[in-house]
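Reader: I would like to learn how to read a few features from a structure. Please take them one at a time, general idea before the case.

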Amino acid sequence: MQYIYKTKGTCSTEIKLNIEGDVISDVSFTGGCDGNLKAIPALVDGLTVEQIEAKLSGITCRHKPTSCGDQLAKACRAAYEHFKNGTPNENSI
């Protein structure tokens, strides 16, 4: 299922991802640094929410308290919780 997450505190403005159970695929970012935002999806494709959180949570970017990777970890958790609980949310498609 596709999920859209509006980022906070990063150059990227949105993350789209697919989630099946707890496995993430087809990650794409809107905005941000082109090279990093091509590399991150390639590296996390097929990983679980917990694996992505373990690798990316807490990473900062320059003087910011977050990063695109950290926001991806948050997006994955939000998508997982959304579909696990079946809570209506404007972010799911």
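Reader: How many aromatic pairs are there?

Author: A pair of aromatic rings is described by the distance of the centres and the angle of the planes. In this predicted model, the count comes to 1 aromatic pair. Tyr3 and Phe83 form that pair, with 6.1 Å from centre to centre and 75° between the planes. The arrangement is edge-to-face, because planes over 60 degrees apart are classed that way.

Reader: Which parts of the chain does the pair link?

Author: It links distant parts: Tyr3 belongs to strand β1 (residues 2-6) and Phe83 to helix α3 (residues 68-85), 80 residues apart.

Reader: Is Tyr3 buried or exposed?

Author: Tyr3 has 3% relative accessibility, so it counts as buried. Phe83 has a relative accessible area of 25% and is therefore partly exposed.

Reader: Phe83 sits in α3. At what angle do α2 and α3 pack?

Author: Two packed helices are described by the angle between their axes and the distance between the axes. Helix α2 (residues 49-56) packs with α3 at an angle of about 155°, and their axes are 9 Å apart. That makes α2 roughly antiparallel to α3, because the cut-off for this class is over 145 degrees. The crossing of α2 past α3 is left-handed.

Reader: Which residues of α2 and α3 meet?

Author: From α2 there are Val49, Glu50, Ile52, Glu53 and Leu56. On the α3 side they meet Gly69, Asp70, Leu72, Ala73, Cys76, Arg77 and Tyr80.

Reader: How do α1 and α3 pack?

Author: Helix α1 (residues 34-44) and α3 pack at about 40°, with 11 Å between their axes. That makes α1 oblique to α3. Here α1 passes α3 in a right-handed crossing. Leu37, Ile40 and Val44 in α1 are in contact with Cys68, Gly69 and Leu72 in α3.

Reader: What of Cys76?

Author: Its closest cysteine sulfur is in Cys68, at 13 Å, again too far for a bond.

Reader: Next, backbone angles. Which value does phi of Asp26 take?

Author: Phi of Asp26 is near 50°, a positive value in a residue other than glycine. Asp26 lies in strand β3 (residues 23-30) and is exposed, with a relative accessible area of 52%. Arg62, likewise not a glycine, has a positive phi near 50°. Arg62 is found in the loop between α2 and α3 and counts as exposed at 78% relative accessibility.

Reader: Last, distance in sequence and in space. How far apart are Gly35 and Lys55?

Author: They are separated by 20 residues in sequence and by 18 Å in space, C-alpha to C-alpha. Gly35 lies in helix α1 and is partly exposed, at 48% relative accessibility.

Methods. Residues numbered from 1 in each chain as written. Predicted model: local features only at pLDDT ≥ 70, side-chain atom pairs only at ≥ 80, totals over all residues. Heavy atoms only, no water. Disulfide = S-S within 2.5 Å. Phe/Tyr/Trp six-rings, centres within 6.5 Å; stacked < 30°, edge-to-face > 60°. Helix = DSSP H or I, 4+ residues; strand = E, 2+ residues; numbered from the N terminus. Buried < 20%, exposed > 50% of the residue type's maximum accessible area, 1.4 Å probe, protein only. Axes fitted to C-alpha atoms, helices over the stretch in contact; angles between N-to-C directions. Parallel < 35°, antiparallel > 145°, perpendicular 65-115°, else oblique. Left-handed = near helix turned anticlockwise from the far one by under 90°. Contact = heavy atoms within 4.5 Å.
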